[in-house]
Every structure is written in structure tokens, then in C-alpha cells.
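Reader: Please take me through one part of this model at close range. I would like the helix packing first, then whatever surrounds it.

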Amino acid sequence: FGLFFWVNFTRSKLVEVQTVIFPLGYVLPVLLAPVLTMRLLAEERRQGTLEMLLTAPVRDLEVVCSKFAGVMLFYSSIIALTGFHIATMVCFYDGRVDWGSFFAGYLGMLLSAGLFLSAGLFTSSLFETPLLGALVAFVGGMTVLSADFIMSSPLFLDQGSNQLKILKFL
């Protein structure tokens, strides 16, 4: 991602949100969420420690929310490392920086990561094998990610409007 950032920034020399968020906002959650969430509940079930965890004096909701909070905090720390990219852009740019767009972009990245991480946690709870949970979470993430590209293709859109041509091929 550092290489993607360097290529985009040296080409445009502009401090833009797209320079940082383009590879991180779309690709990173889809690739990392299944890997980070595949063992959250599936490994507990496979090793037989899920029963012990669920019979502890905490509610099921608290167990699930704490596992989600832990993986979200870890993912947020990964995203926080991209602050070096922003610091590099600010140091080599003399113009005005729109900080609101950066904060909104990072908030959007964290919210989209929350979507993929929660879906990964859900698939981890469905399967006993962590690899199967990761595979289903990855396929689901790719489906959500590709839905926007498929729906905005010229094949599905009417000329000049954003309504679907459902009966185009009939």
C-alpha cells in the first residue's frame, strides 16, 4: 500500500483523500477481514472452549461484542499506521489541506471495515472450521464489493438515468 501511495502521490503531487483511501478503503477490508475473523468463534467451537466461554457469567451478546471490539481495535491500529502517508503528503505539499475530507474518509474506511469484520464474525460463528468461515466471508465480501461495479456498468444502466434496465434482454 505504501507503493500504491507513492505512485499516486508522485504522479499528482496533490494532498487528496483518494491518494490514501483508494487501495485501503476497498481492498484491505475484503482481504483482511476473513483472515482476522476466521478463528474468533470457529476455533473456540473446534477446541471445545466455546461452551466454557458461554457458561461464564457474561451474556452471549457481551462475548460477541467484545470479540468484535477486539478485532475492530486491531484493524483500527492497522489503519492508524497510514498516518505516515498523510504526514508525508503534508510535508511535501505547500497548499491548503482539507482535513474534513480526510476524517470523513477514515470514518468511511472504519465503517466499511466494521461491515466486513462483522460479516466475518458471523460466518465464523456458523462453521466449525476456521478456513471455511474465512472462505465464505471472503466470497461474501467480494460480492458486496463487486455489486457497485456490476450495477454501474453500462449494460445495466439506462442511457442518462440511474434506473436499471431489468427487461433489456427480453
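Author: Start with the residues that meet. From α7 come L115, F116, G120 and T123; across from these, α8 supplies G133, V136, A137, G141 and V144. By class, this contact holds five nonpolar residues and four polar ones, and no charged residue takes part. Keep in mind that the model is predicted.

Now the geometry. Two packed helices are described by the angle between their axes and by the distance between those axes. Helix α7 covers residues 99-126, and helix α8 covers residues 130-151. Their axes are 8 Å apart, at an angle of about 145°. The α7 and α8 crossing is right-handed.

Stay on α8 for one more residue. V139 belongs to this helix. Buried would need a value under 20%, and exposed a value over 50%. V30 is 109 residues away along the chain, yet the C-alpha atoms of V139 and V30 are separated by 9.0 Å.

Next, a lysine in another helix. K67 sits in helix α5, which spans residues 60-80. Its relative accessibility is 17%, so K67 counts as buried. The cut-off for that label is under 20%. What does K67 touch, once its neighbours within four places in sequence are left aside? The contacts are L40, L41, E44, L53 and L121. A polar atom of the K67 side chain lies 3.2 Å from the backbone oxygen of L40.

Last, the setting. The chain has eight helices and zero strands. Read from the N terminus, the order is α-α-α-α-α-α-α-α. The chain counts 170 residues, and 32% of these are buried. Of the contacts between residues at least 6 apart in sequence, 74% join residues at least 24 apart. The accessible surface of the chain comes to about 10900 Å². Carbon and sulfur atoms account for 71% of that area.

Note on methods:
Residues are numbered from 1 along each chain as its sequence is written. This is a predicted model: local features need pLDDT of at least 70, side-chain atom pairs count only at pLDDT 80 or more; totals for chains, interfaces and linings use all residues. Side-chain values use heavy atoms; hydrogens and water are left out. Helices (H or I, at least four residues) and strands (E, at least two) are DSSP runs, numbered from the N terminus. Buried means under 20% relative accessible area, exposed over 50%, partly exposed in between (1.4 Å probe, protein chains only). Contact means heavy atoms within 4.5 Å. Accessible areas come from the Shrake-Rupley method with a 1.4 Å probe; for residues, only the protein chains shown count as cover. A polar contact is a pair of N or O atoms within 3.5 Å; within protein, one must be able to donate a hydrogen and the other to accept it, and residues adjacent in sequence count only if both atoms are side-chain atoms. Axes are lines fitted to C-alpha atoms, for helices over the stretch in contact, and angles run from 0 to 180 degrees between N-to-C directions. A crossing is left-handed if the near helix is turned anticlockwise from the far one by less than a right angle, and right-handed if clockwise. Ala, Val, Leu, Ile, Met, Phe, Trp, Tyr, Cys and Pro count as nonpolar, Asp, Glu, Lys and Arg as charged, and the others, Gly among them, as polar.
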